[in-house]
Amino acid sequence: MDTYRVMRQDDNGNRFLVVGGIEREAAERLAAEFEARGHKQLYWVEAEPAGASEARGPRD
């Protein structure tokens, strides 16, 4: 399954991960919700590299 993440860029050009490891539809809804709040930050959705969501799981 492909996973996606929501990213944010602030006024200074710094980029941050908002949330990752979610389905595309959920990521797009979340990004749209943040955009609708009227903040100056930029939000977007991007596909995660293969294996990225597994890397964030609990460690054994």
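Colleague: Where does Thr3 lie?

Modeller: Thr3 lies in the segment before E1. Helices (H or I, at least four residues) and strands (E, at least two) are DSSP runs, numbered from the N terminus. Residues are numbered from 1 along each chain as its sequence is written, and side-chain values use heavy atoms, with hydrogens and water left out. The model is predicted: local features need pLDDT of at least 70 and side-chain atom pairs count only at pLDDT 80 or more, while totals for chains, interfaces and linings use all residues.

Colleague: Is Thr3 buried or exposed?

Modeller: The term rests on relative accessible area: buried means under 20%, exposed over 50%, and partly exposed in between (1.4 Å probe, protein chains only). Thr3 has a value of 9%, so it is buried. Of the 60 residues of the chain, 22% count as buried.

Colleague: With which side chain does the side chain of Thr3 make a polar contact?

Modeller: A polar contact is a pair of N or O atoms within 3.5 Å; within protein, one must be able to donate a hydrogen and the other to accept it, and residues adjacent in sequence count only if both atoms are side-chain atoms. The partner of Thr3 is the side chain of Glu48, at 2.8 Å. Glu48 is placed in the loop between E3 and helix H2 (52–55), and with 9% relative accessibility it counts as buried. Its side chain also reaches the backbone nitrogen of Gly21, at 3.0 Å.

Colleague: In what order do the elements of the chain run?

Modeller: From the N terminus on, the order is β-β-α-β-α, which comes to two helices and three strands.

Colleague: In what order do the strands form the sheet?

Modeller: Strands of a sheet pair through backbone hydrogen bonds, either parallel or antiparallel. The working rule is that two strands pair if DSSP finds at least two bridges between them. Here three strands form an open sheet in the order E2-E1-E3, with antiparallel pairing. Strand E2 (15–22) and strand E3 (42–47) are at the edges and have a single partner strand each, so one side of each lacks a neighbour in the sheet. From one strand to the next, the twist averages 20°.

Colleague: How many bridges join strand E1 to E2?

Modeller: Five bridges join E1 (residues 4–9) to E2. Across this pairing, Gln9 stands opposite Arg15, and Met7 stands opposite Leu17. The two strands form a hairpin with five residues between them, and Gly13 in the turn has a positive phi of about 85°.

Colleague: Which strands does helix H1 touch?

Modeller: Contact means heavy atoms within 4.5 Å. For directions, axes are lines fitted to C-alpha atoms, for helices over the stretch in contact, and angles run from 0 to 180 degrees between N-to-C directions. Helix H1 (residues 24–36) packs on the sheet and touches E1, E2 and E3, and its direction makes about 170° with that of E3.

Colleague: Which residues make up the largest nonpolar core?

Modeller: A nonpolar core is a set of buried Ala, Val, Leu, Ile, Met, Phe, Trp, Tyr and Cys residues joined through side-chain atoms within 4.5 Å. The largest here has six residues: Tyr4, Val6, Ala27, Ala31, Phe34 and Tyr43. E1 and H1 are the elements that give two or more residues to this core, and H1 provides the largest share, three residues.

Colleague: How many aromatic pairs does the structure hold?

Modeller: A pair of aromatic rings is described by the distance of the centres and the angle of the planes. Rings of Phe, Tyr and Trp (its six-membered ring) pair if their centres lie within 6.5 Å; planes under 30 degrees apart count as stacked, over 60 as edge-to-face and the rest as tilted. The structure holds one such pair. Its rings belong to Phe34 and Tyr43, with centres 5.0 Å apart and planes at 15°, so the pair is stacked. Phe34 is buried at 17% relative accessible area, and Tyr43 is buried at 11%.

Colleague: Which residues is Val18 in contact with?

Modeller: Val18 lies in strand E2 and is partly exposed, with a relative accessible area of 33%. Leaving aside neighbours within four places in sequence, Val18 is in contact with Val6, Met7, Arg8, Phe34 and Tyr43.
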